[in-house]
Amino acid sequence: MSAVSGAGGAGGAGAAGMLPVADRAAVRSYAISVARGHPRMLGAVVGLASLATIAGLFGPRLLGVIVQDVQQGTTVRHIDVLAALLVLAICVQSVFNRYSYLAGKNFGETVLAELRESFVGSVLDLPLSRVEEAGSGDLINRASRDVAALRQAAQQGIPAVLGAGCSALLTLGALVLVSPPLAAVTLITMPPLVLMVRWYLRYARDGYLATNATYSTLIENLTATVEGAAAVEALRLAPARIALSDADIARSWRAERYTLGLRLRLYPVTEVCQLAPAGLMLAFGGYGYTRGWVSIAQVTAATLYVQQLATPVSTLLDWLDTIQTGAASLARLVGVAHIPADRIATGIIPDEADRRLEAAGVGFAYRAGRDVLRDVDLTVVPGEHLAMVGPSGAGKSTLGRLLAGISAPGRGSVAVGGASLIELPLGDLRGEVALVTQEHHVFGGTLRENATLGRPDAEDTEILAALTAVDAQEWVTALPDGLSTRVGSGALELSAPQAQQLALARLVLADPRILVLDEATSLLDPRAARHLERSLSAVMAGRTVISIAHRLHTAHDADRVAVIEDGRITERGSHPELIAADGAYARLWASWHG
């Protein structure tokens, strides 16, 4: 039986374009580490479940004694005493069951909370290039559907399985103590049950991983359709997008049908294996009683123990599917933490006396064999304003990302003060260089919280000064609650220009030594952008600034201009020098001026 065709990969590396999935060994190691991290809580779950089971074992034994004593003749007082003990055992079992349930919920909630925190930490540590490669659909699916699946397994499944496992072992032990021959009858159905469960486990993990992968693809494509709704409508792409969604849903349906087929084979066999022992016990026990091998008390107790054993076995089988779903989700969540970092802090400190930003022999490719940058050499001295210009697709933004330390070069090196950017700790890197692009996000929260993301300890006077520096004072002062105004999703929606000004204010507050501005004023109209850039010039004074722009007035104001064509720097010099050279920059300038 093979995994679902077209449902997505389930291996350790993950499907193409998706984040990786942890293998069985990694998941097992994580589960063991969780258990070792909470020995008392785990011990409480197992201990209370065991005590509840032990209390419950007295009932069948007492009933067996009552049946035998009644048969042989006894007093009412004796039966009343045994009945009272039976009621006491039931009450004690109920108390232990209650606290076992609470301990299990506590353990499950704690494990789930730690996993969520670990997952969020892993997501925040992900290399941005890896996230962009995988797309948002897979990450969203893991943060939503996989966490939800694991929630049920952690909150209810794990405590239920631990309790049921203890109950099954103790009940089987009690059955052996009552009568080893009768206990052997119970084991007749064990081989087919074990073989069926092993068969199910062999295919279930890959089936559920494949199902989750199809949902990641479905979410990715639906998200793209919603975000690009205007383009879909303008280009009449609705039929094609609907067809794509139908194909994604069909793959998800096939994946779900595959796992459903596994369950349809599993449950009938396990149901028979649960019901058969009781009948066999009555038949064999009755025969043994007539031959004098066992007493009526033993037959009664053993039959009740078999019935009692069916409950934890049924619980284990009922939760088997949920645990498998949770295990598949756990493999996807743990897999995120196994993505290698794109930078390794070596302890090298930039030279304070020489803060030059240097790119030496830099090459970069998003796909093997398709270089975006080739043999780029560039040096930017402290306090210099460098403008990078060139046609669309020339590699300007890619070079900007490398100069900001967002991505590591495929060849060559990018260093500041002699220290490679990818060898600096992330905190130190952000103190050295920061990147602002034309894409900005406003987080749900107050304007103050959004502005101080890069510097949480900033005072209100500093925040207002930063917002004033980016020409945002007019609309900020008009807000009903000033810096305490809630913005973002579900609150005040900032316009694209306002969000861009907010992003620039964050940069002013963060106060890095080097600024990389990638079309950072593109969402403003030309007049407002020009005014903002002049306002920012005072803030940027003394800092190293690298501007990537299509509006060539930025290049006109820069100390030096680098022209990038086809992944290479073809010209460099000041604006007057490049105009006099009558090369590529001069042609761009002439074209821009009409």
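Mentor: The second largest pocket holds about 1300 Å³ of space. A pocket is an open set of points on a 1 Å grid over the protein atoms alone, where a 1.4 Å probe fits, with protein on both sides within 12 Å along at least five of seven lines. Its volume is the space filled by probe spheres set on the points, which are joined across faces, edges and corners. This is a predicted model: local features need pLDDT of at least 70, side-chain atom pairs 80 or more, while totals for chains, interfaces and linings use all residues. Numbering runs from 1 along each chain, and side-chain values use heavy atoms, without hydrogens or water.

Trainee: Which residues lie nearest the centre of the second largest pocket?

Mentor: Val161, Leu316, Leu320, Ile323 and Gln324, out of 47 lining residues. Lining means an atom within 4 Å of a point.

Trainee: And which helix gives the most to that lining?

Mentor: H10, with 14 residues. Helices are DSSP runs (H or I, at least four residues), numbered from the N terminus.

Trainee: What is the lining like by class?

Mentor: It has 39 nonpolar, 5 polar and 3 charged residues. Ala, Val, Leu, Ile, Met, Phe, Trp, Tyr, Cys and Pro count as nonpolar, Asp, Glu, Lys and Arg as charged, the others, Gly among them, as polar.

Trainee: New topic. At what angle do H9 and H10 pack?

Mentor: About 175 degrees, with axes 9 Å apart. Axes are lines fitted to C-alpha atoms over the stretch in contact, and angles run from 0 to 180 degrees between N-to-C directions. So H9 is roughly antiparallel to H10, a term for angles over 145 degrees.

Trainee: What classes make up their contact?

Mentor: 15 nonpolar, 6 polar and 3 charged residues.

How values were computed: Helix = DSSP H or I, 4+ residues; strand = E, 2+ residues; numbered from the N terminus. Parallel < 35°, antiparallel > 145°, perpendicular 65-115°, else oblique.
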